[in-house]
Amino acid sequence: MNRGNKRPATRSPSPPSPLCDKDEIRSIIQEIIKSEFKVMLTQFNENMINTINKELEPVRDEMKEIVKSMFFINAKFDEIEKRQQTCNDTVLKLELENEELKKTIGDLQVRINIIEQQSRSNNLEIQCMPENKNENLYDIITKLANVVNCDIKEKDILHCSRIAKSNPSSTRPRSIIVQLASPRLRDVLLASTIKYNKNNPQEKLNSAHLGISGHTSPVYIMEHLSPANKALHAAARIKAKEKDYKYVWVRNGKVFVRKTDGSEYLLIKNMNSLSKII
């Protein structure tokens, strides 16, 4: 039986070389490892990020609260700062007003003192005159005027009375305030008393000259000063004594001091003027 021409047999493939198989296997394994590692790394990163995000979530919330609090604090600080500035402005304004009020009060006190002193322009104050229950002050004043050779009649005395002591515990007699008919009569009686004491340095005006029995005490006559001027006169006397000034006197409600017979006198206008006494 003729089967025809047979196809020539092809050559069988040669078996792969062992070296080639190993390289391919190594390459495949590396790809698989690389792929798996990449997947693992991706998952690890995702897990790590999720974990970090989860852990940081409270921190973020706290940071938000802190930021919110900071904004609140800043707003409050700005508000307090504005209030503080307003308070500072108010205090400054009040200080200026206070200075103006002090100046106004000072001016008013000076004017009141001038008016008070002018209202006393007819008056004299007699100090250390012994008191007697049945005394007649008008009689005593006319006797005093006669002693110092001053022509004053009872009709020239408009009013006279003793005044309360400034210090109730003092043993000194209450002072006598005498209101005469005019400032001229007051000045004449005052000048006559000064002249009498100057001419009789060993027997200056005292209670015996006025017929008052008992212990003999000196009698002092001076202008009737306003409360402010009286305080100024007292302060000037204390300061003058400390600084060895020889003379302190009052003329028309004004206080003067002089250190020696030949030195210039100083006018003490107010308490600040006491610094002149050096």
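This is a predicted model: local features need pLDDT of at least 70, side-chain atom pairs count only at pLDDT 80 or more; totals for chains, interfaces and linings use all residues.
Now select the buried set of α3: Leu-185, Arg-186, Leu-189, Leu-190, Ser-192, Thr-193, Tyr-196 and Asn-197. They share one side of α3, because their arc around the axis is only 160°. Residues three or four places apart in an α-helix point the same way, because a turn takes 3.6 residues.

What lies over that buried side? Show β1 (123-127), α2 (137-147), β3 (176-180) and β4 (220-223), which are among the elements covering the buried residues of α3.

Check the length of α3 next. Its 17 residues, 183-199, should span 24 Å at 1.5 Å a residue, and the end C-alpha atoms are 24 Å apart, so the two agree.

Move to the sheet. Four strands make an open sheet, ordered β2-β3-β1-β4, with antiparallel pairing. Look at the edges: β2 (157-162) and β4 each have a single partner strand, so one side of each lacks a neighbour in the sheet. On average, neighbouring strands are turned by 20° against each other, direction ignored.

Zoom in on β1 and β3. Four bridges join this antiparallel pair. Pick Leu-124 and find its bridge partner in β3, Val-178.

Bring α2 back. This helix packs on the sheet and touches β1, β2, β3 and β4. The direction of α2 makes about 110° with that of β2.

Finish at residues 91-118, where an unreviewed UniProt entry places a "coiled-coil region". In the model this span is 100% helix and 0% strand, with its end C-alpha atoms 40 Å apart.

How values were computed: Residues are numbered from 1 along each chain as its sequence is written. Side-chain values use heavy atoms; hydrogens and water are left out. Helices (H or I, at least four residues) and strands (E, at least two) are DSSP runs, numbered from the N terminus. The expected span of a helix is 1.5 Å times one less than its number of residues. Buried means under 20% relative accessible area, exposed over 50%, partly exposed in between (1.4 Å probe, protein chains only). The arc is that of the directions from the helix axis to the C-beta atoms. Contact means heavy atoms within 4.5 Å. UniProt positions are given in the numbering used here, feature names are shortened, and annotations may be inferred rather than shown by experiment. Two strands pair if DSSP finds at least two bridges between them. Axes are lines fitted to C-alpha atoms, for helices over the stretch in contact, and angles run from 0 to 180 degrees between N-to-C directions.
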